[in-house]
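Subject: Structure for you to look over

Dear colleague,

Please have it open while you read, as the notes go through it region by region.

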Amino acid sequence: MGDETQRGLLNITSEIGKLKAVFLHKPGKELERLTPDYLRQLLFDDIPWLKQMRIEHDEFANVLRERGAQVLYVEDLLAEVLQDKEVRKNFIYDLLKQSKIDSLELHQALYDYMYNRTPEELVEISIAGLQKKDVNLEDREYSLTDYIDADYPLYINPIPNLYFMRDPAAVMGNGISINSMHTDARRREPMLIKYIYENHPLFNKDQSPLWYDYTIPHSLEGGDMLVLSKEVVAIGCSERTSPQAIEILARNLFSGMKELREIIAVRIPPIRAFMHLDTVFTMVDYDKFTIYPGIQDKVEVYRLTRGKNNGITVTPETDLVDTLKKSLRIPSVKLIESGGGDAITAAREQWNDSTNTLAIAPGVVVTYSRNEASNEVLRKNGIEVVEIDGSELVRGRGGPRCMSMPLCREEL
Ligand SMILES: NC(=[NH2+])NCCC[C@H](N)C(=O)O
């Protein structure tokens, strides 16, 4: 990565430019800590079969490599960063704080336990969690909390949604937004990215501005963030992303991304099936988008431009397609409706992330093979569709776009 390391690897100025580098997380032991009692709380609808899931994930990574993208794994970069003793110490403190371990004695015992693990083992704990039975703390005097929580099997909870790398952070321009997650289940994920951003030379922090920080109390998730062009960004205002967060992000982007002209805020209904904008709407080519049919009538659209009111002027718009044309300055926009024109098929396939396509070049997308009708419609509209199997991956309710965090795309 010679030159790129010098000026920082991060560069995303579109949704569709040829993908050059991408961050993934291969699902691991954290998925084996999902139990029926905690499924909903952990944002899953079913228990995936990990072995098959990992095969599917490898296939996804291979497709991206074959098409010329460098695949980096968050777990590898984090382990590299944790080689440094100071970083490791701070990381363990943050992990214990985030896990709300307050008892002094337990805090010390867990600190010692983790400090004596290898960086790789520590990474695994930070993702898969820490079971009480794996740590021998027999001689310890119990606190009240220890007695009351005795039946709970873990000291540190797993974060099984980490393979949806899209959400905890998003690269925009040459900077990164490290997001504030809406649910407790995902709260730790951005912290892992922050450690990599602050300490890994590939991210070259001094060259890469931070657009948002996960400690800000207004939630913002990457599934809602679409970089449409150098000049236009779209952000979903959704179950997961608040208007306050969009305004903070907008101010930072306007001051740091010189060419950025406007931000389109798209308000979508706050329900689980549509948790993020990218579950109903993604960009697949210069002037083509895939969309869940009917959603265009259920959204509210606002344009944010540089202005006097705290740095931003907000203009309500009436129509999504008109706004896209106007903002992107293109004569026409084609919305490709997922599901192939049948309402039942569309709803079933949307539930399995038919609309969550990942563009790896203009007009080339990765999708799940199971969404047959939606894939066919894309092809009919001139899009090259690269299919992967996702029978197990889909059980966490996310598709190829959700599972990837692009770091660098070729400029258009
Ligand atoms: N960008 C996305 N659509 N991500 C999907 C994330 C799915 C995950 N189970 C959650 O509820 O958070």
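Please keep in mind throughout that this is a predicted model.

I begin with the helices. In α9, the buried residues include Ala245, Ile246, Leu249, Ala250 and Leu253, and because they cover an arc of only 135° around the axis, they are on the same side of α9. In general, an α-helix has 3.6 residues a turn, so residues three or four places apart point the same way.

Lys100, which is not a glycine, has a positive phi of about 55°; Lys100 lies in the loop between α4 (85-98) and α5 (104-115), and it is exposed, with 9 other C-beta atoms within 10 Å. Arg397, also a residue other than glycine, has a positive phi near 65°; Arg397 lies in the loop between β18 and β19, but it counts as buried because it has 20 C-beta neighbours inside 10 Å, where 20 or more is the cut-off for a buried residue.

The loop between β18 (384-388) and β19 (405-409) also holds Cys402, at which UniProt, in an unreviewed entry, places the feature "active site". What surrounds Cys402 in the model, leaving aside its neighbours within four places in sequence? Cys402 is in contact with Phe164, Arg166, Gly223, Asp278 and Asn356, and with 25 C-beta neighbours inside 10 Å it counts as buried.

Gly175 is another buried position, with 21 C-beta neighbours inside 10 Å, and it is found in strand β6 (residues 175-178). Beyond its neighbours within four places in sequence, Gly175 is in contact with Leu10, Ser208, Pro209, Leu210, Trp211 and Gly256. One of these, Trp211, is 36 residues from Gly175 in sequence, while the two C-alpha atoms are 6.5 Å apart in space.

Finally, the domains. The chain is divided into domain 1 (2-73 + 160-409) and domain 2 (77-156), and the C-alpha centres of domain 1 and domain 2 lie 32 Å apart. Between them, 14 residues of domain 1 are in contact with 14 residues of domain 2. On the side of domain 1 that touches domain 2, the largest share, five residues, comes from helix α8 (residues 189-199), and by class that side has six nonpolar, three polar and five charged residues.

With best wishes

Key. Residues are numbered from 1 along each chain as its sequence is written. This is a predicted model: local features need pLDDT of at least 70, side-chain atom pairs count only at pLDDT 80 or more; totals for chains, interfaces and linings use all residues. Helices (H or I, at least four residues) and strands (E, at least two) are DSSP runs, numbered from the N terminus. A residue is buried if 20 or more other C-beta atoms lie within 10 Å of its own, exposed if 12 or fewer, and partly exposed in between; C-beta atoms are placed from the backbone. Two residues are in contact if their C-beta atoms, placed from the backbone, lie within 7 Å. The arc is that of the directions from the helix axis to the C-beta atoms. UniProt positions are given in the numbering used here, feature names are shortened, and annotations may be inferred rather than shown by experiment. Domain bounds come from an automatic or database domain assignment. Ala, Val, Leu, Ile, Met, Phe, Trp, Tyr, Cys and Pro count as nonpolar, Asp, Glu, Lys and Arg as charged, and the others, Gly among them, as polar.
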